[in-house]
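Hi,

Here is the structure I promised to send over.

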Amino acid sequence: EEKNVIDDHLLDIIGNEFKFDHEKGIAEWVKNSVDAYIRSNISDSEQVVMLRFDDRNKGQSFFECIDFNGMTAVDINKALKRWGDPEAAKRGLKKKVYGGHGNGGKFYMRQMFEKSHFVTYKNGLLNIFGFSEKKKYGFANDYKDRKINYSEALEIAEIDERDIPEYFLNKIRNGETGFTIVKGIAPLGMKNNIKVYKICEKLKKHPQSVRILERISVKITHNGNILLEELKPETVKPLLGFESPFVFSMPEIIKYEENEISFSNKKYPKGNLVLKTSEMALSNRFAELNRIDIIGEIGVIASYQLRELGLYYPQTDFIYGECSCPILEDPTDDCVMNDRSRLADNEKTKALLAWIKEKVKEICEKIAEKEEKERKDISKKVSSDFNNFLDRWKNKFMAKIFSDIFVGSGEGFSGGDGAGGSLGEHGSGNSNKDKHEKDQGGDDGGGDVPKKGSHFPRVLLSEYDEDPLNPESPLVLHPEHGLVYQRVQDVKEGIYWINTASPLANAIIKKYGTNSVRWRDYLFQRYVDIFIKEALLKLEKREPERFNAATIDGEILGKVVTEIHSAASKDLESFLFDEHYSIENERA
């Protein structure tokens, strides 16, 4: 048997499939550095990666990724020179690492730079290995396991001792560890000018780097100056009311079309889906976070934007998460692709994504339900404010209008027992003026619980306003209760309810909203109804012999309604006709 020979053309084909951008490639480099630390049992808190960007030499700008671990020629031959080895990142150790087939970092070096190389030092030996302009890899002349001291090695790598954390510098001096610097020269699209901030912004959101940046220290420099002491991922505050993540246990069997697909076995337990919310819409510069990351043994093995799953609800913009599904890495049915951006296009992947879609939809519906409730609460407040405004306006004119029509100038109302309507008996002169103002409650009247014998009825909105006679539950009326409604107990207490469930009220609210001119006009017309009803009750009680069609037409439908409309045309012009009316304008 002979070793397989790989033609460079095949590497070109595979490399092109990676569809690299620089953020993705740098994320692969950082993953390789972290895996090197993991293999050497370096804890997360001690892991340091340095990213250096330099564009002072135009046409020869470069990226560098530095860690303090190091490799020998043996390591390079066993891992770096091998393509497609699923165990390459582990190097024969039984450790969970972020890397997979060991291709991502190498392909990034090969595809996205004019030339690139490693400078790595360990056990007193320096190696330089990389890709030439012809995309051929190999060791630099005289730099395969070249024995030199650490200071010479640092000089060749152009690393200043002052830039190395003291912990690692001491270990390098004592021969306990080394360093690796991977360098890409003349990056594609940035040979003269490196967009460092753009790279950093994308890197801290990239699915292949987010979890690593949360755990380790990554330092950024540009042209020799420190740009960031630590690059950290975005902090996402949860949506109010949805602070806790939603955790869904994956079913062992998911039915997709006509097939039942297993998602667990003795070796691979079933996974779970964790969905989180964001208080800000994950769009524009945060759009990349609006995704589901598929988690493998330790790192991300695929990512899907929620829109890719066919989720077009507005609430989708506030959701992100991750799905752990171990069986996807089962070698007998491996769904992991080489570039770890998407899963293999097969029945298992389709079934998983369909299940994820349904769960995201459930959260969208929960958010939409809360949004609808909040809209109703706002609508209730706005409508109640309008109603209270009309209620205060009504109190200013009801006594005058009724006095002028039924009694004559100079007479007002006095309290009675409330029977037969909400208005009491009338008296004479100004004897009740002070009492009238006291009962009205000043300019902000209409807001107190009415008392027996109150001069003015109180008008409330069903479902919107608290029931003064039963504060623990709102009054909910049926559409058939009519436009304006009174219970038996309401008559005694002087309360009227405008029924917001009546067909016309409900239609206006749904189509135009409670801030609309139509709704304000509807409220006003119900107040006219209440004026008329009160006038009819008063007429029947005071002058029953005149309670006939002619008097009602002339006194009530004629004089009363005319007076109401005349007053409204002067005092309620903006309220009734201004599309952009706000109750705040009245208060101002």
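**What I found**

Let me start with a side-chain pair: Gln-111 and Arg-110 are joined through their side chains by a polar contact of 2.9 Å. Before you read too much into any single distance, do keep in mind that this is a predicted model. Gln-111 sits in helix H4, which covers residues 104-112. Is Gln-111 buried or exposed? Its relative accessibility is 17%, and since anything under 20% is called buried, Gln-111 counts as buried.

You'll find Asn-141 in the loop that links strand E5 (137-139) to strand E6 (146-147). With a relative accessibility of 68%, Asn-141 counts as exposed, because the cut-off for that label is over 50%.

How many disulfides does a search of the whole structure find? The count is 0.

Three strands make up an open sheet with mixed pairing, and their order is E17-E19-E18. Which strands stand at the edges? They are E17 (458-461) and E18 (484-485); each has a single partner strand, so one side of each has no neighbour in the sheet. E18 pairs with E19 (residues 495-498) in the antiparallel sense, over 2 bridges. To find that pairing on screen, go to Val-484, whose bridge partner in E19 is Ile-498. Helix H13 (residues 517-542) packs on this sheet and touches E17, E18 and E19, with its direction at about 145° to that of E19.

Finally, some totals for the chain. The secondary structure comes to 16 helices and 19 strands. The chain has 588 residues, and 50% of them count as buried. Taking contacts between residues at least 6 apart in sequence, 68% join residues at least 24 apart. The accessible surface is about 29500 Å², and carbon and sulfur atoms account for 49% of that.

Cheers

Key:
Residues are numbered from 1 along each chain as its sequence is written. This is a predicted model: local features need pLDDT of at least 70, side-chain atom pairs count only at pLDDT 80 or more; totals for chains, interfaces and linings use all residues. Side-chain values use heavy atoms; hydrogens and water are left out. Helices (H or I, at least four residues) and strands (E, at least two) are DSSP runs, numbered from the N terminus. Buried means under 20% relative accessible area, exposed over 50%, partly exposed in between (1.4 Å probe, protein chains only). A polar contact is a pair of N or O atoms within 3.5 Å; within protein, one must be able to donate a hydrogen and the other to accept it, and residues adjacent in sequence count only if both atoms are side-chain atoms. A disulfide is a pair of cysteine sulfur atoms within 2.5 Å. Two strands pair if DSSP finds at least two bridges between them. Contact means heavy atoms within 4.5 Å. Axes are lines fitted to C-alpha atoms, for helices over the stretch in contact, and angles run from 0 to 180 degrees between N-to-C directions. Accessible areas come from the Shrake-Rupley method with a 1.4 Å probe; for residues, only the protein chains shown count as cover.
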